[in-house]
Amino acid sequence: MVKTSRLLFLTVAISFICMVLASCVGYRNDGKQVTFHEWNEASGHKVTVLDADPATFEDLGDGYGRDAKHAFLEGNIIKGADGKTFNYLGKNYAVDVNRAFHFDSIISDIDPKSFKVHSNWLTEDKNDFYWNGKAIHVADKKTFVVIGDDDDEETLWAKDKFNAYYMGFPPVPLADYESFHPINDHTPFISRAGDYAVDKYRVYYKDHIVEGADPESFKEVFISVGQDKYRVYYEWKATKIKNYEQLSIIGDFRTDGLYVYTDKLEVLEGADPHTFKQIEDSRYWYADKDHVWHFDKLVKEADVSSFQPVYLYEFYLGKIESRGTDFWYGKDKNHVFYEDSIISGADPSTFEKIGFEDCESWTVFDKNRIYEGKNSKALQKYLRDKYGRKQ
């Protein structure tokens, strides 16, 4: 009984708090001034006094308002809006006598008299359709359809009898209206209409035609990667790869035993697929029997046998701890490298990157100079203890 009473009390208390907070949000007009009230856990109750005429002010809902001169969104003047003719249409779209608005942004070249809102994402006027406030540039409005839910941000494709449309990109000529449809994305953990579409004659990637691709066997196998019965495609470009599923993964690279491929499935020139590997499990540095790469940039002067990424160390509670390998710096017995370039004069035997407790960021240095960071007291002590001198 006690537990039930406490639960009832908490429920009533929470409901009351919610009602109080709700009453603190929105416009207030006391006849002398208009204010907009906001509340959140971080900053609490915030009040904005509007440059508005209380006698003509109207609360239009969803944070919109107007008086005889201005239109407002959450207490702020919407620049370029005519308050006298401003009309909120819902779903964060509005018009005045001259233009249309999405939130507080002007939608270019809209006809406000014929402007209609279909969903949070799709609108139209007598001239065009618009996705998220941007013109789709539809060639034939009568045959235009969005393929999928027009109120879903992840809907990507539309069509009319002339073109295919990937939202936010230029149109691409369509081969067959009736059979055109997106291909479901087979990327792991993602379920949506993907970046590829087909009809019975062609394969499309966003605003490009995938030349030579077979629409009947085509599928999307990874983000921006397609496969048909002949080969693999990256975006709209054919690659040398025959079967994506048979590729082996080496960090951010792939190999089919014949070539090593970058993340864009381009051949990494000069790489030996049989000896290519990550250096000490770093995602940034790679090598084969003859070469070193920083990602896909060849480090021409690097000595393979002695090359290693620079290690990250950090002082914590007076003790130094390893933090893995560095993104940018590497070294061999002869040189220190920043990405694929030699750092002139740097000493590889004493080159280090450490986070000291009295510094805001990493300090990069050798026994002779500092390359990043500051000459802190902790660094001076470290150099004195290690090399018997001050930096």
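The report below covers ring pairs, a cluster of rings and charges over rings.

## Aromatic pairs

This is a predicted model, and it contains 40 aromatic pairs. Take Phe253 and Tyr286: their ring centres are 4.6 Å apart and their planes meet at 70°, so the pair is edge-to-face, given that angles over 60 degrees fall in that class. Phe253 belongs to strand 29 (residues 253-255) and Tyr286 to strand 32 (residues 285-287), so this contact ties together parts that are 33 residues apart in sequence. Both Phe253 and Tyr286 are buried.

A tilted example is the aromatic pair of Tyr329 and Phe351, with 5.5 Å from centre to centre and 50° between the planes. Tyr329 sits in strand 36 (residues 319-331), while Phe351 is in the loop between strand 38 (341-342) and strand 39 (352-355), so the pair ties together parts that are 22 residues apart in sequence. Tyr329 has 4% relative accessibility and therefore counts as buried. Phe351, at 2% relative accessibility, counts as buried too.

## An aromatic cluster

Tyr329 and Phe351 also belong to one aromatic cluster.

## Charges over rings

Which ring lies under the charged end of Lys141? That ring belongs to Phe129, and the charged end of Lys141 sits 5.0 Å from its centre.

Definitions and conventions: Residues numbered from 1 in each chain as written. Predicted model: local features only at pLDDT ≥ 70, side-chain atom pairs only at ≥ 80, totals over all residues. Heavy atoms only, no water. Phe/Tyr/Trp six-rings, centres within 6.5 Å; stacked < 30°, edge-to-face > 60°. Helix = DSSP H or I, 4+ residues; strand = E, 2+ residues; numbered from the N terminus. Buried < 20%, exposed > 50% of the residue type's maximum accessible area, 1.4 Å probe, protein only. Lys NZ or Arg CZ within 6 Å of the ring centre and 35° of its normal.
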